[in-house]
Amino acid sequence: LDKRVDQITVEAARRGDREAAAKLLAELADPWFRLCLGLLRDRDDARDAVQETALRFVRDLHKFQSNSSIMTWSMGIAINVTREMRRKNRATESMENNEPIAAMPRIARSPNESAVLNESRDLLRASISDLPERQREALLLRFFEELSVEETAAAMSCASGTVKATIHQALRALKMKLKDLS
Amino acid sequence: MSELRKHLESAKREYHSQHYPGDLAAEIFPRKHIARWLIPPAAAAAIAIVAWMEITTQKNQRQVATAIHMTANPATVPTTEPSSLLGVVPMPANIDFAPPSLDFDISTPSFSLSVDEMKEKTSTTQEST
(Lines give C-alpha, C1' and ligand atoms only; values in the text may rest on other atoms or scores of the structure.)
Protein backbone atom coordinates (compact mmCIF):
# COMPACT_ATOMS: atom_id res chain seq x y z
CA LEU A 1 0.00 0.00 0.00
CA ASP A 2 2.77 2.40 0.89
CA LYS A 3 4.13 2.01 -2.61
CA ARG A 4 0.75 2.79 -4.16
CA VAL A 5 -0.02 5.69 -1.84
CA ASP A 6 2.90 7.99 -2.38
CA GLN A 7 4.13 10.53 0.12
CA ILE A 8 2.87 13.43 -2.00
CA THR A 9 -0.72 12.21 -1.70
CA VAL A 10 -0.35 11.80 2.06
CA GLU A 11 1.11 15.29 2.40
CA ALA A 12 -1.63 16.80 0.23
CA ALA A 13 -4.29 15.03 2.30
CA ARG A 14 -2.70 16.31 5.50
CA ARG A 15 -2.92 19.86 4.17
CA GLY A 16 -6.67 19.38 3.64
CA ASP A 17 -6.78 18.35 -0.02
CA ARG A 18 -10.06 16.42 -0.25
CA GLU A 19 -9.17 14.70 -3.50
CA ALA A 20 -5.97 13.34 -1.96
CA ALA A 21 -7.88 12.23 1.16
CA ALA A 22 -10.46 10.49 -1.06
CA LYS A 23 -7.62 8.68 -2.84
CA LEU A 24 -6.25 7.48 0.51
CA LEU A 25 -9.70 6.30 1.60
CA ALA A 26 -10.10 4.35 -1.62
CA GLU A 27 -6.76 2.62 -1.00
CA LEU A 28 -7.33 1.93 2.69
CA ALA A 29 -10.98 0.81 2.54
CA ASP A 30 -10.18 -2.85 1.78
CA PRO A 31 -7.45 -3.35 4.43
CA TRP A 32 -9.68 -1.66 7.03
CA PHE A 33 -12.66 -3.80 6.04
CA ARG A 34 -10.67 -7.03 6.17
CA LEU A 35 -9.32 -6.21 9.61
CA CYS A 36 -12.69 -5.08 10.99
CA LEU A 37 -14.43 -8.15 9.55
CA GLY A 38 -11.76 -10.40 11.03
CA LEU A 39 -12.23 -8.81 14.45
CA LEU A 40 -16.00 -8.21 14.51
CA ARG A 41 -17.07 -11.25 12.43
CA ASP A 42 -20.10 -9.44 11.04
CA ARG A 43 -20.18 -7.70 7.65
CA ASP A 44 -22.59 -4.92 8.69
CA ASP A 45 -20.65 -4.21 11.87
CA ALA A 46 -17.41 -4.24 9.85
CA ARG A 47 -18.84 -1.75 7.37
CA ASP A 48 -19.95 0.55 10.20
CA ALA A 49 -16.51 0.26 11.77
CA VAL A 50 -14.82 1.16 8.47
CA GLN A 51 -16.98 4.25 8.06
CA GLU A 52 -16.23 5.36 11.61
CA THR A 53 -12.53 4.69 11.01
CA ALA A 54 -12.66 6.78 7.82
CA LEU A 55 -14.31 9.71 9.62
CA ARG A 56 -11.70 9.66 12.39
CA PHE A 57 -8.93 9.22 9.83
CA VAL A 58 -10.01 12.34 7.92
CA ARG A 59 -10.58 14.31 11.14
CA ASP A 60 -7.17 13.46 12.62
CA LEU A 61 -5.10 13.33 9.44
CA HIS A 62 -3.35 16.60 10.27
CA LYS A 63 -2.03 14.94 13.46
CA PHE A 64 -0.33 12.15 11.51
CA GLN A 65 3.45 12.10 12.01
CA SER A 66 5.55 10.57 9.26
CA ASN A 67 7.57 8.42 11.72
CA SER A 68 5.14 5.55 11.03
CA SER A 69 3.44 4.57 7.78
CA ILE A 70 -0.05 5.80 7.01
CA MET A 71 -1.17 2.17 6.90
CA THR A 72 0.08 1.43 10.43
CA TRP A 73 -1.36 4.67 11.80
CA SER A 74 -4.76 4.07 10.19
CA MET A 75 -4.84 0.44 11.37
CA GLY A 76 -4.43 1.80 14.89
CA ILE A 77 -7.60 3.87 14.39
CA ALA A 78 -9.46 0.82 13.05
CA ILE A 79 -8.33 -1.26 16.04
CA ASN A 80 -9.60 1.40 18.47
CA VAL A 81 -12.95 1.62 16.65
CA THR A 82 -13.45 -2.17 16.75
CA ARG A 83 -12.48 -2.29 20.44
CA GLU A 84 -15.08 0.38 21.22
CA MET A 85 -17.72 -1.44 19.18
CA ARG A 86 -17.03 -4.77 20.87
CA ARG A 87 -17.15 -3.10 24.28
CA LYS A 88 -20.51 -1.54 23.38
CA ASN A 89 -21.84 -4.85 22.04
CA ARG A 90 -20.70 -6.67 25.18
CA ALA A 91 -22.40 -4.06 27.36
CA THR A 92 -25.63 -4.45 25.37
CA GLU A 93 -25.46 -8.26 25.55
CA SER A 94 -24.70 -8.08 29.27
CA MET A 95 -27.69 -5.81 29.87
CA GLU A 96 -29.96 -8.04 27.76
CA ASN A 97 -28.85 -11.31 29.37
CA ASN A 98 -28.26 -9.83 32.83
CA GLU A 99 -25.35 -12.25 33.31
CA PRO A 100 -21.65 -11.61 33.83
CA ILE A 101 -19.70 -11.96 30.56
CA ALA A 102 -17.00 -14.08 32.15
CA ALA A 103 -19.58 -16.71 33.08
CA MET A 104 -20.67 -17.15 29.48
CA PRO A 105 -19.06 -19.89 27.42
CA ARG A 106 -17.07 -18.48 24.47
CA ILE A 107 -18.57 -20.78 21.84
CA ALA A 108 -20.91 -23.67 22.41
CA ARG A 109 -20.84 -26.17 19.55
CA SER A 110 -22.72 -29.42 19.25
CA PRO A 111 -20.83 -32.53 18.08
CA ASN A 112 -22.71 -32.30 14.78
CA GLU A 113 -21.59 -28.71 14.23
CA SER A 114 -18.01 -29.72 14.95
CA ALA A 115 -18.28 -32.48 12.39
CA VAL A 116 -19.33 -29.95 9.76
CA LEU A 117 -16.13 -28.03 10.41
CA ASN A 118 -14.01 -30.61 8.65
CA GLU A 119 -12.66 -28.18 6.10
CA SER A 120 -9.31 -26.82 7.20
CA ARG A 121 -10.33 -23.26 6.31
CA ASP A 122 -13.43 -23.41 8.46
CA LEU A 123 -11.47 -25.15 11.16
CA LEU A 124 -8.91 -22.40 11.40
CA ARG A 125 -11.48 -19.63 11.07
CA ALA A 126 -13.38 -21.11 13.99
CA SER A 127 -10.19 -21.44 15.97
CA ILE A 128 -9.16 -17.85 15.31
CA SER A 129 -12.64 -16.66 16.25
CA ASP A 130 -12.29 -18.37 19.59
CA LEU A 131 -9.04 -16.55 20.41
CA PRO A 132 -9.06 -13.65 22.89
CA GLU A 133 -9.38 -10.20 21.29
CA ARG A 134 -5.77 -9.10 21.67
CA GLN A 135 -4.42 -12.38 20.27
CA ARG A 136 -6.76 -12.07 17.27
CA GLU A 137 -5.68 -8.46 16.65
CA ALA A 138 -2.00 -9.39 16.78
CA LEU A 139 -2.46 -12.40 14.53
CA LEU A 140 -4.42 -10.51 11.85
CA LEU A 141 -2.02 -7.57 11.77
CA ARG A 142 1.18 -9.61 11.92
CA PHE A 143 0.35 -12.60 9.70
CA PHE A 144 -2.51 -11.48 7.47
CA GLU A 145 -1.70 -7.79 6.98
CA GLU A 146 2.02 -8.60 7.12
CA LEU A 147 2.94 -5.71 9.39
CA SER A 148 6.24 -5.93 11.23
CA VAL A 149 6.30 -6.56 15.00
CA GLU A 150 7.01 -2.85 15.56
CA GLU A 151 4.18 -1.76 13.27
CA THR A 152 1.80 -4.22 14.92
CA ALA A 153 2.84 -2.83 18.30
CA ALA A 154 2.24 0.74 17.09
CA ALA A 155 -1.21 -0.16 15.74
CA MET A 156 -2.15 -1.97 18.95
CA SER A 157 -0.65 0.78 21.16
CA CYS A 158 1.57 -1.62 23.07
CA ALA A 159 5.23 -2.66 23.30
CA SER A 160 6.94 -4.91 20.74
CA GLY A 161 7.61 -7.48 23.45
CA THR A 162 3.91 -7.66 24.23
CA VAL A 163 3.14 -8.32 20.55
CA LYS A 164 5.71 -11.15 20.41
CA ALA A 165 4.31 -12.74 23.56
CA THR A 166 0.69 -12.34 22.37
CA ILE A 167 1.45 -13.93 19.01
CA HIS A 168 3.26 -16.81 20.69
CA GLN A 169 0.24 -17.44 22.90
CA ALA A 170 -2.12 -17.23 19.90
CA LEU A 171 -0.12 -19.74 17.83
CA ARG A 172 0.10 -22.13 20.73
CA ALA A 173 -3.65 -21.89 21.32
CA LEU A 174 -4.34 -22.46 17.59
CA LYS A 175 -2.11 -25.56 17.53
CA MET A 176 -3.94 -26.97 20.53
CA LYS A 177 -7.35 -26.29 19.04
CA LEU A 178 -6.44 -27.76 15.66
CA LYS A 179 -5.15 -30.89 17.40
CA ASP A 180 -8.37 -31.16 19.43
CA LEU A 181 -10.70 -30.54 16.49
CA SER A 182 -8.90 -32.81 14.03
CA MET B 1 5.63 -26.67 6.16
CA SER B 2 3.81 -27.36 9.41
CA GLU B 3 0.11 -28.09 9.52
CA LEU B 4 -0.61 -24.80 11.26
CA ARG B 5 1.30 -22.77 8.67
CA LYS B 6 -0.70 -24.43 5.87
CA HIS B 7 -3.92 -23.50 7.62
CA LEU B 8 -2.70 -19.95 8.16
CA GLU B 9 -1.79 -19.55 4.47
CA SER B 10 -5.22 -20.79 3.45
CA ALA B 11 -6.94 -18.44 5.89
CA LYS B 12 -4.78 -15.55 4.66
CA ARG B 13 -5.91 -16.10 1.07
CA GLU B 14 -9.52 -16.05 2.16
CA TYR B 15 -8.89 -12.97 4.29
CA HIS B 16 -7.46 -11.06 1.31
CA SER B 17 -10.41 -11.97 -0.90
CA GLN B 18 -12.66 -9.65 1.17
CA HIS B 19 -13.39 -6.18 -0.21
CA TYR B 20 -15.24 -3.19 1.18
CA PRO B 21 -18.78 -3.31 -0.24
CA GLY B 22 -19.12 0.24 -1.54
CA ASP B 23 -17.32 3.46 -2.40
CA LEU B 24 -15.92 4.67 0.91
CA ALA B 25 -14.61 7.99 -0.44
CA ALA B 26 -18.04 8.84 -1.86
CA GLU B 27 -19.70 7.86 1.42
CA ILE B 28 -17.39 10.10 3.45
CA PHE B 29 -17.37 13.06 1.03
CA PRO B 30 -20.91 12.88 -0.40
CA ARG B 31 -21.32 16.62 -0.99
CA LYS B 32 -18.06 16.93 -2.81
CA HIS B 33 -18.98 13.91 -4.89
CA ILE B 34 -22.39 15.31 -5.78
CA ALA B 35 -20.99 18.79 -6.37
CA ARG B 36 -18.44 17.49 -8.83
CA TRP B 37 -20.97 15.75 -11.03
CA LEU B 38 -24.19 17.64 -10.44
CA ILE B 39 -23.46 21.35 -10.02
CA PRO B 40 -21.80 22.18 -13.37
CA PRO B 41 -24.62 20.72 -15.53
CA ALA B 42 -27.24 22.20 -13.18
CA ALA B 43 -25.58 25.64 -13.38
CA ALA B 44 -25.39 25.44 -17.18
CA ALA B 45 -29.06 24.49 -17.37
CA ALA B 46 -30.05 27.35 -15.03
CA ILE B 47 -28.07 29.88 -17.10
CA ALA B 48 -29.68 28.60 -20.30
CA ILE B 49 -33.18 28.88 -18.79
CA VAL B 50 -32.56 32.44 -17.50
CA ALA B 51 -31.14 33.52 -20.88
CA TRP B 52 -34.09 32.00 -22.74
CA MET B 53 -36.58 33.72 -20.40
CA GLU B 54 -34.78 37.04 -20.82
CA ILE B 55 -34.87 36.82 -24.62
CA THR B 56 -38.54 35.76 -24.64
CA THR B 57 -39.56 38.59 -22.27
CA GLN B 58 -37.74 41.22 -24.33
CA LYS B 59 -39.34 39.95 -27.51
CA ASN B 60 -42.83 40.03 -25.94
CA GLN B 61 -42.28 43.53 -24.54
CA ARG B 62 -41.21 44.79 -27.95
CA GLN B 63 -44.33 43.29 -29.56
CA VAL B 64 -46.66 44.81 -26.92
CA ALA B 65 -45.03 48.25 -27.25
CA THR B 66 -45.48 48.20 -31.02
CA ALA B 67 -49.12 47.16 -30.68
CA ILE B 68 -49.84 49.97 -28.17
CA HIS B 69 -48.14 52.55 -30.34
CA MET B 70 -50.10 51.51 -33.41
CA THR B 71 -53.43 51.60 -31.49
CA ALA B 72 -52.76 55.06 -30.05
CA ASN B 73 -51.49 56.61 -33.30
CA PRO B 74 -53.12 54.96 -36.28
CA ALA B 75 -51.49 57.50 -38.63
CA THR B 76 -47.95 57.93 -37.68
CA VAL B 77 -47.50 61.13 -39.77
CA PRO B 78 -46.12 63.87 -37.48
CA THR B 79 -48.51 66.78 -36.84
CA THR B 80 -47.64 70.34 -35.86
CA GLU B 81 -49.81 72.90 -34.02
CA PRO B 82 -50.43 76.01 -36.23
CA SER B 83 -50.32 78.28 -33.16
CA SER B 84 -46.85 77.16 -32.32
CA LEU B 85 -45.79 77.86 -35.86
CA LEU B 86 -47.21 81.43 -35.90
CA GLY B 87 -46.17 82.31 -32.38
CA VAL B 88 -49.81 82.99 -31.32
CA VAL B 89 -50.56 82.48 -27.65
CA PRO B 90 -53.36 79.89 -27.31
CA MET B 91 -56.57 81.00 -25.65
CA PRO B 92 -56.88 80.16 -21.96
CA ALA B 93 -59.37 77.43 -21.24
CA ASN B 94 -60.96 78.85 -18.01
CA ILE B 95 -62.08 82.28 -19.20
CA ASP B 96 -65.42 83.88 -17.97
CA PHE B 97 -67.68 84.85 -20.84
CA ALA B 98 -69.97 87.23 -18.79
CA PRO B 99 -69.17 89.47 -15.82
CA PRO B 100 -70.75 88.25 -12.55
CA SER B 101 -72.83 91.53 -12.17
CA LEU B 102 -74.84 90.75 -15.26
CA ASP B 103 -76.00 87.47 -13.93
CA PHE B 104 -79.83 87.21 -13.83
CA ASP B 105 -82.45 84.59 -13.75
CA ILE B 106 -84.32 83.83 -16.89
CA SER B 107 -87.66 82.53 -15.98
CA THR B 108 -88.51 79.52 -17.89
CA PRO B 109 -92.08 79.03 -19.00
CA SER B 110 -94.03 76.43 -17.21
CA PHE B 111 -94.94 73.63 -19.53
CA SER B 112 -97.93 72.83 -17.41
CA LEU B 113 -99.80 75.91 -18.86
CA SER B 114 -102.23 75.49 -21.66
CA VAL B 115 -101.89 77.45 -24.94
CA ASP B 116 -104.64 79.90 -23.93
CA GLU B 117 -103.11 80.55 -20.59
CA MET B 118 -99.80 81.23 -22.25
CA LYS B 119 -101.36 83.73 -24.64
CA GLU B 120 -103.04 85.55 -21.77
CA LYS B 121 -99.81 85.67 -19.79
CA THR B 122 -97.90 87.05 -22.75
CA SER B 123 -100.44 89.80 -23.32
CA THR B 124 -100.39 90.77 -19.63
CA THR B 125 -96.62 91.07 -19.74
CA GLN B 126 -96.77 93.25 -22.85
CA GLU B 127 -99.34 95.54 -21.26
CA SER B 128 -97.37 96.02 -18.13
CA THR B 129 -94.26 96.81 -20.22
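Counting disulfides (pairs of cysteine sulfur atoms within 2.5 Å) over all chains gives zero. This is a predicted model, in which local features need pLDDT of at least 70, side-chain atom pairs count only at pLDDT 80 or more, and totals for chains, interfaces and linings use all residues. Residues are numbered from 1 along each chain as its sequence is written, chains are lettered from A and ligands numbered from 1 in the order in which they are written, and side-chain values use heavy atoms, with hydrogens and water left out.

C36(A) is buried because its relative accessibility is 0%, while C158(A), at 24%, is partly exposed; buried means under 20% relative accessible area, exposed over 50%, and partly exposed in between (1.4 Å probe, protein chains only).

Now let us turn to where the chains meet. Chain A brings 33 residues into contact (heavy atoms within 4.5 Å) with 21 residues of chain B. About 2800 Å² is buried between them, with carbon and sulfur atoms giving 68%; buried area is the accessible area (1.4 Å probe) that two parts lose on being put together, summed over both. Of the area that chain A buries here, R18(A), R34(A) and F144(A) supply 24%, more than any other three residues.

Charges also pair up across this boundary. There are two salt bridges between chain A and chain B, each a side-chain nitrogen of Lys or Arg within 4 Å of a carboxyl oxygen of Asp or Glu. In one of them, R47(A) meets E27(B) at 2.8 Å, N to O.
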